[in-house]
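Subject: Handover of a structure

Dear colleague,

Please find below the structure that I am handing over to you. My notes on it follow directly after it.

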Amino acid sequence: MPLWGTGSSAPSTAAEGSAAGGDGAARSSSGGGGAAVIRSLLPTRRRLRLDPPSKLFFPYEPGKQVRSAVKIKNISKSHVAFKFQTTAPKSCFMRPPGGILAPGESIIATVFKFVEHPENNEKPLDQKCKVKFKIVSLKVKGPMEYVPELFDEQKDQVAVEQILRVVFLDAERQTPQMDKLKRQLAEAEAALEARKKPPEDTGPRIVGEGLVIDEWKERRERYLARQQIEGVDSA
């Protein structure tokens with residue numbers, strides 16, 4: 001089994017949305033290990049929808065760090081935490097590495113990867129990439145701050161949403177996959193820049209009041225200055 005980037009073994013699949021008989025079987029199991037085995041055999045209702053659904057497309061540029069993107073949408077009726085894992089944490093990273101999505105909310109995550117040069121005179125796009133990415137999810141009670149420890153505290157409720165395979169694209173060839181990747185990366189960058197901007201003013205009424213106050217202060221300062229000048233002249 002591959003070693004995933006969190007430093008722990010792959011989490012068990014949660015039995016959310018399974019049939020009543022399956023839930024009963026899971027509850028009736030007294031041992032923690034037995035319950036985990038039963039849950040892993042039961043079907044899991046997806047909490048997240050991914051686009052692309054099962055692949056991460058990267059432009060093939062050996063010796064460079066390249067980017068891919070995946071849109072993650074919460075299709076459940078509850079808040080859901082998600083987290084990326086990878087078999088190559090030293091050469092790959094994700095932005096954001098995890099987060100919490102409200103029902104219906106979506107985000108485009110950017111995945112960074114360093115592309116090695118081909119070995120044994122392989123054709124560039126024929127080399128197979130052994131790196132894999134995994135997205136896991138966890139149902140949470142409501143809006144809260146995301147911390148990776150959530151997944152450690154509730155391991156038996158963590159579901160594997162998808163294992164994503166790496167696919168290289170010819171960086172100089174225009175294809176539907178490459179066009180879509182560029183659009184998603186542009187959207188991700190725009191969203192990141194929007195989050196960096198300072199909050200806007202609370203409203204035009206307050207701004208107007210501030211301007212009136214500033215103008216009143218200026219008039220009063222001019223009035224006091226004239227009074228001082230007149231006082232000096234009269235003296």
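**The protein as a whole**

The protein has an accessible surface of about 15,200 Å², and carbon and sulfur atoms account for 53% of it. Please keep in mind that this is a predicted model. Of the 235 residues in the protein, 34% are buried. Among the contacts with a separation of 6 or more, 74% are between residues 24 or more positions apart.

The protein contains 5 helices and 9 strands. Along the sequence, they follow the pattern α-α-β-β-β-β-β-β-β-β-α-β-α-α.

**The sheet and the helix across it**

Strands of a sheet pair through backbone hydrogen bonds, in either a parallel or an antiparallel manner. In this protein, 4 strands form an open sheet with antiparallel pairing, and their order is 1-3-7-5. Which strands stand at the edges? They are strand 1 (48-51) and strand 5 (92-95); each has a single partner strand, so one side of each is left without a neighbour in the sheet. On average, and with direction ignored, neighbouring strands of this sheet are turned by 25 degrees against each other.

Strand 1 is joined to strand 3 (residues 65-74) by 4 bridges, and the two strands run antiparallel.

Helix 4 (residues 176-196) lies across strand 1, strand 3, strand 5 and strand 7 (106-114). Its direction is at about 75 degrees to strand 3.

**Aromatic pairs**

A pair of aromatic rings is described by two values, the distance of the centres and the angle of the planes. There are 4 aromatic pairs in the structure, and I describe two of them here.

In the pair of Y60 and F168, the ring centres are 5.1 Å apart and the planes stand at 75 degrees; because an angle over 60 degrees counts as edge-to-face, this pair is edge-to-face. Y60 belongs to strand 2 (residues 55-60) and F168 to strand 9 (residues 159-170), so that the pair links distant parts of the chain, 108 residues apart. Are these two residues buried or exposed? Y60 is buried, with a relative accessible area of 9%, and F168 is buried as well, with a value of 14%. Both are counted in this way because buried means under 20% relative accessible area.

The rings of F93 and F112 are arranged in another way: their centres are 4.5 Å apart and their planes are at 5 degrees, so the pair is stacked. F93 lies in strand 5 and F112 in strand 7, and the pair therefore ties together parts that are 19 residues apart in sequence. F112 is buried, with a relative accessible area of 8%, whereas F93 is partly exposed, with a relative accessible area of 40%.

**Salt bridges**

Side chains of opposite charge can pair when their charged atoms come close. A search of the whole structure finds 5 salt bridges, and three of them are set out below.

- K64 and E61 meet through their side chains in a salt bridge, at 3.5 Å from N to O. K64 is partly exposed, with a relative accessible area of 47%, and E61 is also partly exposed, with 27%.
- R67 and E189 form a salt bridge between their side chains, at 3.1 Å from N to O. This pair links distant parts of the chain, since R67 is in strand 3 and E189 is in helix 4, 122 residues apart. R67 counts as partly exposed at 31% relative accessibility, and E189 is partly exposed with a relative accessible area of 27%.
- E189 also forms a salt bridge with R95, where the closest N and O atoms are 2.9 Å apart. E189 lies in helix 4 and R95 in strand 5, so this pair ties together parts that are 94 residues apart in sequence. R95 counts as partly exposed, at 30% relative accessibility.

Which residues do shared partners join into one network? Salt bridges that share partners connect R67, R95 and E189 in this way.

Yours sincerely,

A colleague

Technical notes
Residues are numbered from 1 along each chain as its sequence is written. This is a predicted model: local features need pLDDT of at least 70, side-chain atom pairs count only at pLDDT 80 or more; totals for chains, interfaces and linings use all residues. Side-chain values use heavy atoms; hydrogens and water are left out. Two strands pair if DSSP finds at least two bridges between them. Axes are lines fitted to C-alpha atoms, for helices over the stretch in contact, and angles run from 0 to 180 degrees between N-to-C directions. Contact means heavy atoms within 4.5 Å. Rings of Phe, Tyr and Trp (its six-membered ring) pair if their centres lie within 6.5 Å; planes under 30 degrees apart count as stacked, over 60 as edge-to-face and the rest as tilted. Buried means under 20% relative accessible area, exposed over 50%, partly exposed in between (1.4 Å probe, protein chains only). A salt bridge is a side-chain nitrogen of Lys or Arg within 4 Å of a carboxyl oxygen of Asp or Glu. Accessible areas come from the Shrake-Rupley method with a 1.4 Å probe; for residues, only the protein chains shown count as cover.
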